[in-house]
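Open the model in your viewer and keep the selection panel at hand. The stops below say what to select and what is there.

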Amino acid sequence: MATIAIRVKPGASRPRVGGRHDGPYGPALVVAVQAPPVDGRATESALKALAKAIGVRPSALSLRAGAASRDKLITLADPPPGLDDVVAALRDLAS
């Protein structure tokens with residue numbers, strides 16, 4: 001099981017995953033989504049964007065903490081090999 005800290009930026013012009021934000025859960029991966037922060041739509045979009053970026057099914061990700069916050073903890077039950085390297089590379093991208 002792996003835990004990934006993310007920072008959601010709703011209302012972006014286009015979805016993208018990359019960049020770093022020092023949040024309450026430590027260094028977080030920035031996930032920008034077009035969806036508004038209403039009724040969990042931004043969170044759902046962020047999970048889909050993150051899944052695509054790390055190469056897993058969206059159903060493999062679950063929200064562990066931060067349902068009503070931009071800072072979230074995401075759990076991945078069966079992480080692929082090299083997940084830490086992929087997340088670190090995405091954090092290093094310019095946000």
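Start by selecting Lys 9, Arg 14, Arg 16 and Arg 70, which together form a positive surface patch. A patch takes residues with over 30% relative accessible area and no salt bridge, joining like charges within 9 Å and nonpolar side chains (Val, Leu, Ile, Met, Phe, Trp, Tyr) within 5 Å. Lys and Arg count as positive, Asp and Glu as negative, while His and the chain ends are not counted. Each charge is placed at NZ of Lys, CZ of Arg, CG of Asp or CD of Glu. Accessible areas come from the Shrake-Rupley method with a 1.4 Å probe, and for residues only the protein chains shown count as cover.

The model is predicted: local features need pLDDT of at least 70 and side-chain atom pairs count only at pLDDT 80 or more, whereas totals for chains, interfaces and linings use all residues. Residues are numbered from 1 along each chain as its sequence is written, and side-chain values use heavy atoms, with hydrogens and water left out.

Arg 16 sits in strand β2, residues 16-23, and is partly exposed at 32% relative accessibility. Here buried means under 20% relative accessible area, exposed over 50%, and partly exposed in between (1.4 Å probe, protein chains only).

Now show the whole chain as a cartoon. Helices (H or I, at least four residues) and strands (E, at least two) are DSSP runs, numbered from the N terminus. The C-alpha atoms fill a box of roughly 35 × 25 × 25 Å along the principal axes. Of the 95 residues, 40% count as buried.

Next, select Asp 39, in the loop between β3 (26-32) and α1 (41-54). Its phi is near 55°, a positive value in a residue other than glycine. Most residues other than glycine have a negative phi. Asp 39 is exposed, with a relative accessible area of 75%.

Is Ala 49 buried or exposed? At 17% relative accessibility, Ala 49 is buried.

The last stops are the salt bridges, and the structure holds three. A salt bridge is a side-chain nitrogen of Lys or Arg within 4 Å of a carboxyl oxygen of Asp or Glu.

- Select Asp 71 and Arg 7, whose side chains meet at 2.9 Å, N to O. Asp 71 belongs to strand β5 (residues 71-76) and Arg 7 to strand β1 (residues 2-9), so this pair ties together parts that are 64 residues apart in sequence. Asp 71 is buried, at 10% relative accessibility.
- Select Arg 20 and Asp 22, where the closest N and O atoms of the salt bridge are 3.1 Å apart. Arg 20 is partly exposed at 49%, whereas Asp 22 is exposed at 57%.
- Select Lys 48 and Glu 44, with a salt bridge at 3.4 Å, N to O. The two are four residues apart in helix α1, or about one helical turn. Lys 48 is partly exposed at 47%, and Glu 44 is partly exposed at 46%.
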